[in-house]
Amino acid sequence: MKGGIGLSRKTDMEKLIKDSEFLRKAIPDDILLILSRLEAAGIGAYIVGGAVRDILMGNTPEDFDIAAETEPSTLTSVFSDRKTVDVGIRFGTLTVDTGKRLTEITCCRRESSYPDIRHPDSVEYTMDIVADLARRDFTVNAVAMDCRGKIYDPFGGIRDIEQRILRAVGEPSARFKEDALRILRGIRFSSTLGFRIESGTKSAIHCCRPLLTCVSEERMFCELCKLLCGDNVRDVLTEYSDEICTLIPELRPTIGFCQNNPHHIYTVYDHIALSVSLCKKDVVLRLAMLFHDIAKPAAYSTDNEGIGHFKGHPHLSAVMAGNILKRLKADGDTVKKVCFLVEHHDIRPSATRKSLHKYLRKVGFRGAYDLLYIRRADLGAQSPDFHYLFEYLDESERIIKDLEKEGACISLDTLAVNGRDLINMGFERGPDIGRALDMLLSAVVREEAENRRDVLLRKAEKIKKSFNDSFIS
Ligand code: ATP
Ligand code: MG
């Protein structure tokens, strides 16, 4: 969703919904063509869901969902000459390639009973957009707009957008019992849109919380990722900690856990919530932030002065993060990246070339830049008495950038000599080659030797001699 017109006052919204010409202009041409084609076939067609919400909020939507008052077979025939994907047609959804984007068109439907709180047991099509809007989760997502820019708002969604409120369509707990994922969707929208959840809907969220255990891990993880990237994430993590802990029970011991350490003014959970909000909006980084201190309660000890310490918590947190992410069916790449960042989040090399060069050998340039985001967010969520350390992170970043610009060697790939060179100079094939290359790289990384072929070959001679000597003795 990109920035757009922007509505500041209530009267703006009233004017806007009456100004159908203005709203029609907010519909991109390819979407307009789809709506018009459906209408030409005698089918009522509407933009629904997030796109209408975004337009009314003055933002440019990224994707458009369309609802059509028809049945799947008719829908397919209207687009028989177009590139389509029909994997969802069993549930009344056809994906059409507009040339600009893939757009989902769904036949208007009402859903009957939900035997397993996840999947409607049958799909009943309806020729009535209002009935279709009634099955949607929140009033702000239950507004429709046709190709003329005419708005359909049977549940007061526009008023709720204006007042920035999330309210379930219909009786909240009945709706959460139908599909418990809506609990997390509500919290997610509160985080991304910055809307407050209306009190009846909020109570139902709390009451229906145990039903979350019926929702598939994949669906929950998808919502969690979006939630973590919202502007309002700190408030949501704080206000809905019980729901978050139903999804991730391992976080529960961090709630209210006092750190007894001069670096900290927040409990572990509150520190985590603040640090997530301070970190760059990137799923991997924010997941790493969520998990970076999860093992602190387990790693806690106090010294003679009663000061709290958390020895080994980065490694333990990384192990826990890996287990949680695998349970939530996160993809392997995400698991790997998050665990890496959690494992390394607390390494604090001094801001010198030598020490950062060594650090880069361990974490790489990409890792170092990601860890700078993590470490800044971590520091920002600690006691302000230590915020002067930001300067040291700035200095570290400058040095890392210099090293990158210089093409500093941080791995065997860019070392000026390789295994073949060592064999040519008489090293025996086998583990000695690896050991010698490692010693050469260490010398370069510690800035004791230049990464130059002649320099390293000379050094390699010495290493070979030391290997031979140790073999003889
Ligand atoms: P986003 O900006 O994240 O795409 P969105 O509102 O478009 O937000 P989607 O997940 O794309 O959200 O869903 C599109 C629409 O489908 C929603 O606006 C809502 O009307 C409806 N919807 C989606 N999931 C559910 C659900 N679990 N229960 C009821 N309605 C739902
Ligand atoms: Mg959407």
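User: Why is K336 called exposed?

Analyst: K336 has a relative accessible area of 63%. Exposed means over 50%, buried under 20%, and partly exposed in between, with a 1.4 Å probe and protein chains only; K336 is therefore exposed. This is a predicted model, in which local features need pLDDT of at least 70, side-chain atom pairs count only at pLDDT 80 or more, and totals for chains, interfaces and linings use all residues. Residues are numbered from 1 along each chain as its sequence is written, and side-chain values use heavy atoms, without hydrogens and water.

User: In which helix does K336 lie?

Analyst: K336 belongs to helix α18, residues 332-344. Helices (H or I, at least four residues) and strands (E, at least two) are DSSP runs numbered from the N terminus.

User: What makes L102 exposed?

Analyst: Its relative accessible area is 55%, so L102 counts as exposed. L102 lies in strand β7, residues 102-107.

User: How do you know that β6 and β7 pair?

Analyst: Two strands pair if DSSP finds at least two bridges between them. β6 and β7 have five bridges, in the antiparallel sense, with T95 opposite E104 in β7. The two strands form a hairpin with four residues between them, and G99 in the turn has a positive phi of about 100°.

User: What makes β5 and β6 a pair?

Analyst: Strand β5 (residues 84-85) and β6 share two bridges in the antiparallel sense. V85 stands opposite T95 in β6.

User: Why is strand β6 called mostly covered?

Analyst: Four of the five residues of β6 (residues 93-97) are buried.

How values were computed. Chains lettered and ligands numbered in written order.
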